Amino acid sequence: MSNVTAVKQNPKKPENAFITLDDGTDAWCPDYEKAKALVIGQPLPAGWRQDQGEYGPRIFPPGDKKSGPQAAFRNSKEG
C-alpha cells in the first residue's frame with residue numbers, strides 16, 4: 001500500500017480532492033473534508049478504497065459507496 005504524500009483541494013470543484021501517493025499516483029477523491037484528515041507519510045487507513053475509474057485513479061473514503069438507482073419497492077421482499 002502506498003503512502004499519502006499530499007492532499008489538494010480540486011480548484012474546479014472544491015468539495016472534491018486530489019490525493020497524491022508516494023508511487024506517483026494522483027487520485028481523485030469525492031470528499032475533501034475527509035481527505036484533508038489523512039496523515040501525510042502514512043498509508044491510507046482501513047476502509048478507504050482505491051480503484052481505477054474511467055478517467056483515472058480514484059480513492060473513496062469509508063462508507064462512500066457508489067450508489068446506483070434506488071431499488072423499486074415492487075422488487076423488494078415486502079413488495
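1. Val-4 counts as buried, at 1% relative accessibility; buried means under 20% relative accessible area, exposed means over 50%, and partly exposed is in between (1.4 Å probe, protein chains only). Val-4 lies in strand β1. Helices (H or I, at least four residues) and strands (E, at least two) are DSSP runs, numbered from the N terminus. Not counting residues up to four places away in sequence, Val-4 touches Ile-19, Thr-20, Leu-21, Leu-38, Val-39, Ile-40, Gly-41, Gln-42 and Leu-44, where contact means heavy atoms within 4.5 Å. Val-4 and Pro-43 are 39 residues apart along the chain, and their C-alpha atoms are separated by 5.9 Å.

2. A word on the model and the numbering. This is a predicted model, in which local features need pLDDT of at least 70 and side-chain atom pairs count only at pLDDT 80 or more, while totals for chains, interfaces and linings use all residues. Residues are numbered from 1 along each chain as its sequence is written, and side-chain values use heavy atoms, with hydrogens and water left out.

3. The protein has one helix and five strands. Read from the N terminus, the order of the elements is β-β-β-α-β-β. Of its 79 residues, 25% count as buried. Among contacts between residues at least 6 apart in sequence, 35% join residues at least 24 apart. The accessible surface comes to about 5600 Å², and 51% of this belongs to carbon and sulfur atoms; the areas come from the Shrake-Rupley method with a 1.4 Å probe, and for residues only the protein chains shown count as cover.

4. Which residues make up the largest nonpolar core? Val-4 is one of the 12, together with Ala-17, Ile-19, Leu-21, Ala-27, Cys-29, Tyr-32, Ala-35, Leu-38, Leu-44, Trp-48 and Ile-59. A nonpolar core is a set of buried Ala, Val, Leu, Ile, Met, Phe, Trp, Tyr and Cys residues joined through side-chain atoms within 4.5 Å. Two or more residues of this core come from each of β2 (17–21), β3 and α1 (32–35). The largest share, three residues, is given by β2.

5. Ser-2 is found in the segment before β1 (4–9). Why does Ser-2 count as buried? Ser-2 is buried because its relative accessible area is 16%, and the limit for buried is under 20%. The side chain of Ser-2 makes a polar contact with the side chain of Asp-23, at 3.1 Å. A polar contact is a pair of N or O atoms within 3.5 Å; within protein, one must be able to donate a hydrogen and the other to accept it, and residues adjacent in sequence count only if both atoms are side-chain atoms. Beyond four places in sequence, Ser-2 touches Leu-21, Asp-22, Asp-23, Pro-43 and Leu-44.

6. Gln-9 is in strand β1 and is partly exposed, with a relative accessible area of 40%. A polar atom of its side chain lies 2.8 Å from the backbone oxygen of Pro-14. Leaving aside neighbours within four places in sequence, Gln-9 is in contact with Pro-14, Asn-16, Ala-17 and Tyr-32. Gln-9 and Ile-19 are 10 residues apart in sequence, and their C-alpha atoms are 8.8 Å apart in space.

7. Asn-10 is in the loop between β1 and β2. Is Asn-10 buried or exposed? Asn-10 is buried, with a relative accessible area of 10%. Its side chain reaches the backbone nitrogen of Lys-12 at 2.9 Å. Apart from neighbours within four places in sequence, Asn-10 is in contact with Asn-16, Ala-17 and Phe-18.

8. How many aromatic pairs does a search of the whole structure find? The search finds one. Trp-28 and Phe-60 form this pair, which is edge-to-face, with 6.3 Å centre to centre and 80 degrees between the planes. Rings of Phe, Tyr and Trp (its six-membered ring) pair if their centres lie within 6.5 Å; planes under 30 degrees apart count as stacked, over 60 as edge-to-face and the rest as tilted. The pair links distant parts of the chain, since Trp-28 is in strand β3 (residues 26–29) and Phe-60 in strand β5 (residues 56–60), 32 residues apart. Trp-28 is partly exposed at 27% relative accessibility, whereas Phe-60 is buried at 6%.

9. Strand β4 (residues 49–53) pairs with β5 in the antiparallel sense over five bridges; two strands pair if DSSP finds at least two bridges between them. A hairpin joins β4 to β5 through two residues. Gln-52 stands opposite Pro-57 in β5.
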